[in-house]
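Biologist: I have not seen this protein before. Could you take me through the model step by step?

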Amino acid sequence: LDMNRCDFSFSLTRALPLLFLLVFVMAAAEAAEDECGAVGDYNFICGPISAEDLVLVPDTKWIIASGMTQEASITLIDSQQKSWTNLYPADAPRAVQDMETYGACPGSPDPNNFISHGLHLRAGKNGHSTLYVVGHGEREAIEVFDVDASGAQPVLTWTGCVMTPDGQAANSVTSLSDGSLLATIPLQTDRTIDEALGGALTGGAYQWSPGDDGFEMIKGTELPYANGIEVSADEQEIYIASSGGLKIIAYSLSNPARQLRATDLLTFIPDNLHMDSDGRLVTAGMLTEDPVCGNWGGPEAIDFEKFMTCNRPFVVVAIDPQTMEYTDLATSAAIQQFSNITMGLQVGDEIWIGTFAGDRVAYRTLEGVE
């Protein structure tokens, strides 16, 4: 696994190429010991590997989870039965390319060399939705799938892709109603994680529309490690999580050179960013200050290995995109079997939580909900 092709926390390991293997082996050993038992208010579904992002298939019980490492897959989680199965590539990956929209795509990805990262799902008609996946492995691209949820269980069919510029690794993706895509590239060519942690503008948002030759940088969105991205319901604003800057920032899509609003400095490292059914921005991450693991203090103050392998407390929050104030949806002290938190997804009265390095997905009743 090329560590340059992963999310913010994964990028910390670019100087430690064997560290992810260490994290995963430790997690597997712990899983064998605790047999996936609950920890406090948190329950787990064990088996999905590195489920970095989660999305809910509209009007169903089904959650789609990415798998951000080799030998993982896109998985399908039954939120009611608390079970999971391999969704892609599964036994027989389906591919029918939409040549009108994605004619420039060189064909379907190698299903045996496919790493999935950020996810975005746009509802369609008649039980169909479109799933956009930040893909790594064989190539760097936004991969597009049709999700057919009209039957007993969703079926995934690959339909196209948009390659990222110069093979740069994207992190997150969202879409507009006309089929346009917005994606973040956190570390542009030759930029480093140390620069991002030091506040340098290392990446930003890119846009592609059907008919375009490829993604183009959205000037004005340059940030220290641009991570999660989302768009407002009226498609007038975009929101980007800056993991290096510890903020969520609002931009006008028509004039992104001027930042509209931003959160105060966050007490955690924001990662993925999704709009919930109430119009709030939901993000999650590891706390920046912890007496056991140490405090977040910039590149000179961080022991990369300790940061990656020390289980940190985490939080999931909901942000009002107009005021940029946030409230907690779930909080936790460090959990030995579950760390490296990246996102939260509300499903009914539960919050589901993903991780970039682990062997399970967590869920619990929302705080304040009986």
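Modeller: One term is needed at the start: two residues are in contact when heavy atoms lie within 4.5 Å. Please also keep in mind that the model is predicted.

Biologist: With that term in hand, what percentage of the contacts with a separation of 6 or more comes from residues 24 or more positions apart?

Modeller: Such residues account for 52% of the contacts in that group.

Biologist: And how many helices and strands are there?

Modeller: The secondary structure consists of five helices and 25 strands. Of the 370 residues in the protein, 57% are buried.

Biologist: Which residues have the most contacts inside the largest nonpolar core?

Modeller: They are Ile64, Ile74, Leu131, Ile142, Phe145, Leu156 and Phe215, in a core of 35 residues. Strand E9, residues 141-148, gives the largest share of this core, with five residues. Apart from it there is another core, of 16 residues, which includes Val282, Leu329, Phe338 and Ala362.

Biologist: Which open sheet has E9 in it, and in what order do the strands run?

Modeller: E9 belongs to an open sheet of five strands, ordered E6-E10-E9-E8-E7, with mixed pairing.

Biologist: Why is one side of E6 and of E7 left without a neighbour in the sheet?

Modeller: Strand E6 (94-95) and strand E7 (114-123) are at the edges and have a single partner strand each, so one side of each has no neighbour in the sheet. E6 pairs with strand E10, residues 155-163, in the parallel sense over two bridges. Within this pair, Arg94 is opposite Thr157 of E10.

Biologist: Changing topic: what is the volume of the largest pocket, and which residues lie nearest its centre?

Modeller: The largest pocket holds about 880 Å³ of space. Its lining has 34 residues, and Leu121, Glu230, Met275, Asp276 and Ser277 lie nearest the centre. Strands that each supply at least two lining residues include E7, strand E15 (226-231) and strand E23 (341-347). By class, the lining has 16 nonpolar, 10 polar and eight charged residues.

Biologist: What about the second largest pocket, and where does the largest share of its lining come from?

Modeller: The second largest pocket has a volume of about 300 Å³. It is lined by 15 residues, with Asp98, Tyr102, Thr130, Tyr132 and Gly179 closest to its centre. E9 provides the largest share of that lining, three residues. Helix H3 (99-102) and strand E8 (128-137) are among the elements that each give at least two.

Biologist: How many cavities of 30 Å³ or more are there?

Modeller: The count is three. The second largest cavity contains about 40 Å³ of space, and its lining includes Ile74, Tyr88 and Phe114. That lining is made up of six nonpolar, three polar and no charged residues. Ile74 is also one of the residues with the most contacts inside the largest core, while Tyr88 and Phe114 are in contact with Phe145.

Biologist: One last item: how do E21 and E22 pair?

Modeller: Strand E21 (residues 314-319) and strand E22 (residues 326-332) are antiparallel and share six bridges. Val317 has Asp328 in E22 as its bridge partner. Six residues lie between the two strands of this hairpin, where Met324 has a positive phi near 65°.

Note on methods. Residues numbered from 1 in each chain as written. Predicted model: local features only at pLDDT ≥ 70, side-chain atom pairs only at ≥ 80, totals over all residues. Heavy atoms only, no water. 1 Å grid on protein atoms, 1.4 Å probe; cavity = no way out; pocket = protein on both sides within 12 Å on 5 of 7 lines; lining within 4 Å. Points joined across faces, edges and corners; volume = space filled by probe spheres on them. Nonpolar A, V, L, I, M, F, W, Y, C, P; charged D, E, K, R; others polar. Pairing = 2+ DSSP bridges. Helix = DSSP H or I, 4+ residues; strand = E, 2+ residues; numbered from the N terminus. Core = buried A, V, L, I, M, F, W, Y, C linked by side-chain atoms within 4.5 Å. Buried < 20%, exposed > 50% of the residue type's maximum accessible area, 1.4 Å probe, protein only. Lists of a residue's contacts leave out its neighbours within four places in sequence.
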